[in-house]
Structure formats: C-alpha cells, structure tokens
Amino acid sequence: MKFKALGVAVAFALTTAGTAAWAAKVRDEPIQPIEPYKTSNPAKVELGKKLWFEPRLSLSGIISCNTCHNLSRGGTDNLKTSIGHGWKAGPVNAPTVLNSSLALAQFWDGRAANLQEQAAGPIQADIEMNMPHALAVEVLQSIPGYVNEFKAVFGTDKIDVSLITAAIAEFEETLVTPNSRFDKWLKGDDKALNAKELAGWELFKGAGCVACHNGPAAGGTSFQRMGLVEPYQSTSPVEGRAAVTGVDADRFNFKVPTLRNVEMTYPYFHDGEAATLEQAVDIMGRLQLGRKFSEEEVGNIVAFLKTLTGEQPQITMPILPPSSNATPRPDPFQ
Ligand code: HEC
Ligand code: HEC
C-alpha cells in the first residue's frame with residue numbers, strides 16, 4: 001500500500017516536471033499560440049449558436065450573423081464590403097469573427113468595447129439586418145422553443161436584448177482556431193514549418209510587422225495608422241478611430257486586424273481593396289514600413305501567413321424552433 005502511494009507520488013512528480021518542460025518549450029516570440037476555448041456554460045453556447053444562425057433576427061427573414069460572417073469561409077463574406085437588408089452595400093469589409101474575442105475592442109474603429117456590446121449593432125443596423133430591437137424580442141418571445149431555452153439558460157420568462165446578445169457573445173467566445181502549423185512550431189515542433197515559411201516568419205519579424213501584428217491573434221492589440229510612412233489612397237469615406245474619439249490625430253487609425261486564418265479572409269483592408277495576400281503584403285511593406293519587398297520576399301511572407309490557418313470551429317447546424325401563429329412575419333421588401 002505504502003509503496004503504491006509512493007508510486008503515485010513519483011508519477012505525479014514526473015507529470016508536473018513533464019508539463020514544466022513542455023511549457024518551457026513554447027518559444028518566446030511576439031505571437032503566442034491560440035488555446036482551445038473551454039466553456040463553463042454549454043447550454044448558453046448552444047442558445048447563442050441558434051441565435052447566430054437565426055434569420056428571424058432580421059426584418060427580411062433571410063439574413064443572419066452567419067450571412068456575412070460565414071463560418072464555412074473563415075467567418076467572413078469574402079466580399080469587398082458587406083451587403084445587407086434591401087441589397088444595400090455597407091461602407092466596410094466584414095472582419096472575421098474567428099478569434100475576435102481576443103481583440104482589445106470590436107469593429108475596425110473599436111467603437112464596441114466587447115462582443116456583447118457589438119452584437120446589438122448589426123441586428124438593428126439598416127444596412128445589415130434592419131430589425132428594430134423591440135421587434136426582435138417580440139419574435140423570439142412568440143416562439144415557445146426559445147422561451148423555454150432562455151428560461152433554462154437565464155432563469156427568466158422575459159427575453160430582452162441583453163440576454164440575446166449575451167448568448168451570442170458566449171457562442172462567439174468558442175470561435176477560436178488553435179493548432180495552426182505556426183502554433184505547433186511555437187510549441188516546439190521544428191518540422192511544422194518548411195524553410196520558405198520559416199524565412200517568411202523571420203522576415204515578418206525582422207522587418208517590423210510584429211510591431212503591430214502581435215499577441216495570440218497576430219493583431220487586435222492596438223489601433224494604428226493605415227499609411228504610416230506613405231499615405232493610403234482610398235475612395236472609402238471611412239475615417240477610422242477618429243469617428244469614435246473625435247480626435248483628428250486618430251484619422252485613418254484602425255484596429256490592427258488579426259492575421260489568423262488570413263488565407264481565408266480575403267479581400268483585405270477596411271475597404272476590401274486588396275484582392276490578394278500578395279497585394280496586401282506589398283502594400284503593408286511600403287506604406288507601414290517604407291520597404292519594397294522583392295517578389296521572393298513577398299512569397300515567403302505569404303507562405304508564412306498561410307501557416308496561421310488554424311483548426312476551424314466544428315459546427316453542427318442547429319435546428320431552429322418553429323414560429324408560432326403569433327410570430328410577426330418577415331418583411332423582406334420593406
Ligand atoms: C450585412 C452583413 C453583416 C451582418 C448580417 C452581420 N455583420 Fe458583423 N460585421 C459586418 C461588418 C461590415 C463589420 C465591420 C463593421 C465596422 O467595423 O464598422 C462587422 C463587424 C462585426 C464584428 C467585429 C469584428 C472585429 O474584428 O472587429 C463582430 C464580432 C460581428 N460583426 C458579429 C456579428 C454578429 C454577432 C452578427 C449577428 C447579430 C453580425 N455580425 C451580423 C457585417 C455583418
Ligand atoms: C504600423 C502598424 C502596422 C505594421 C508595421 C504592419 N501592419 Fe499590417 N495592418 C495594420 C493595420 C492598421 C491594418 C488594417 C489597415 C486597413 O484596413 O486599412 C493592417 C492590415 C494588414 C493585412 C490585411 C488583413 C485584413 O484582414 O484585412 C495584412 C495581410 C497585413 N496587415 C500584413 C502585414 C505585414 C506582412 C506587415 C509587415 C510587412 C505588416 N502588416 C505591418 C498595421 C500594421
């Protein structure tokens with residue numbers, strides 16, 4: 001008995017030593033690995049997932065969050081700028097929702113502090129889902145399946161916008177993409193990157209891209225000027241951070257976008273004007289760092305950027321509860 005207990009103690013010591021050795025192996029780099037998300041509230045995530053795919057949160061009855069942040073396409077619509085209610089075009093490119101929980105704020109200009117605050121915007125924005133909040137609540141409240149589920153998750157019969165957005169935000173927290181090849185390399189797997197990709201990473205780091213694209217998401221940690229060294233030419237009326245702060249010095253400052261899964265999230269920049277990664281890298285080199293990369297250098301950086309594609313969230317399509325006779329009907333052509 002005594003001996004066995006000792007065996008357990010030794011095994012435990014070995015495990016802790018093993019963990020320490022593994023932890024020490026995570027390379028000390030300006031980009032850190034993304035960790036899988038473990039929720040403590042699966043029922044809330046499940047409700048949030050339903051609402052994420054819920055077209056009845058739009059006036060037309062056909063637009064959901066997933067329309068523009070398609071989780072089959074890296075959490076984007078792959079359009080220059082998004083198209084919403086009434087086929088209206090919005091002014092900016094839809095950023096990915098993958099790993100957006102890791103960012104310091106939401107939207108290109110950071111006007112929402114967090115995911116819950118953000119989620120209130122698109123439901124009622126006329127160029128997105130065009131659904132007055134009161135009507136969105138009325139619709140969900142008229143669907144018995146939702147009333148039961150909100151009750152189970154939040155303990156109340158009364159649905160409101162803050163509960164809707166809290167559930168959506170909880171689902172979005174799960175949309176992280178761990179185990180990219182770059183993360184495997186960061187965690188000590190020397191074979192995870194080939195020579196070209198490694199050369200791309202060294203150049204990305206050495207040239208100074210990491211001054212802005214850093215942290216686990218390789219972005220999302222600061223607001224920075226687009227066109228730091230050379231001005232950016234754009235026909236877009238969008239002003240960036242200045243729209244939030246009212247400070248002229250913040251004009252054309254944008255939240256540095258994440259480069260995770262960037263291979264999937266084309267086209268690039270707030271106006272979607274860069275169609276390819278090669279164009280985006282060339283522009284970044286010239287405008288942000290005053291550096292003209294050779295074709296080979298661009299190729300190496302692009303090869304590195306493609307190693308940032310992680311495991312995509314595995315989503316089982318939710319079955320949405322049917323409307324009742326009392327549910328307000330969609331109004332697609334209003
Ligand atoms: C019509 C297309 C469209 C729909 C529908 C839509 N979005 Fe978006 N979303 C966008 C665009 C465009 C932006 C960028 C707007 C900006 O920065 O000014 C954005 C930004 C975001 C962001 C911020 C990401 C970041 O990196 O800053 C999140 C999170 C998000 N949307 C979640 C949602 C949720 C949740 C829903 C459903 C309730 C939703 N979106 C519906 C187009 C859409
Ligand atoms: C001074 C800060 C800064 C530096 C340095 C910088 N970037 Fe950026 N990067 C940004 C900002 C800000 C944006 C968004 C600009 C916009 O949308 O108008 C961006 C956007 C991008 C995008 C497009 C992402 C998307 O989803 O739209 C790519 C790709 C990119 N950067 C790669 C690089 C590379 C490669 C380097 C180094 C050669 C680099 N960046 C250096 C700040 C920086």
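Leaving aside neighbours within four places in sequence, Cys 209 is in contact with Phe 204 and Met 284. Being in contact means that the C-beta atoms, placed from the backbone, lie within 7 Å. This is a predicted model: local features need pLDDT of at least 70, side-chain atom pairs count only at pLDDT 80 or more, and totals for chains, interfaces and linings use all residues. Residues are numbered from 1 along each chain as its sequence is written, while chains are lettered from A and ligands numbered from 1 in the order in which they are written.

- Cys 209 sits in the loop between H9 and strand S3 (223-225).
- Helices (H or I, at least four residues) and strands (E, at least two) are DSSP runs, numbered from the N terminus.
- Cys 209 is buried, because 23 other C-beta atoms lie within 10 Å.
- The cut-offs are these: 20 or more other C-beta atoms within 10 Å is buried, 12 or fewer is exposed, and in between is partly exposed, with C-beta atoms placed from the backbone.
- Cys 212 also has its place in the loop between H9 and S3.
- Cys 212 has 19 C-beta neighbours inside 10 Å, so it counts as partly exposed.
- Not counting residues up to four places away in sequence, Cys 212 touches Ser 222, Gln 224 and Val 256.

**The UniProt record**

- An unreviewed UniProt entry puts the annotation "binding site" on Cys 209, Cys 212, His 213 and Met 284.
- These residues are spread over 76 residues of sequence, yet they cluster in space, with a largest C-alpha distance of 11.3 Å.
- UniProt positions follow the numbering used here, feature names are shortened, and annotations may be inferred rather than shown by experiment.

**Around ligand 2**

- Ligand 2 is surrounded by 26 residues, and the closest are Cys 209, Cys 212, Tyr 268, Phe 269 and Met 284.
- A residue counts as near a molecule if its C-beta atom, placed from the backbone, lies within 6 Å of it.
- Helix H9 (195-207) and helix H11 (277-289) are the elements that give two or more residues to this shell.
- H11 gives the most, with 6 residues.
- The shell holds 19 nonpolar, 7 polar and no charged residues.
- Ala, Val, Leu, Ile, Met, Phe, Trp, Tyr, Cys and Pro count as nonpolar, Asp, Glu, Lys and Arg as charged, and the others, Gly among them, as polar.

**Around ligand 1**

- Ligand 1 has 25 residues around it, and the closest are Cys 65, Cys 68, Gly 84, Phe 107 and Pro 122.
- Here the elements giving two or more residues are helix H3 (65-68) and helix H4 (115-124).
- H4 supplies the largest share, 5 residues.
- By class, the shell around ligand 1 has 16 nonpolar, 8 polar and 1 charged.

How values were computed: Two residues are in contact if their C-beta atoms, placed from the backbone, lie within 7 Å.
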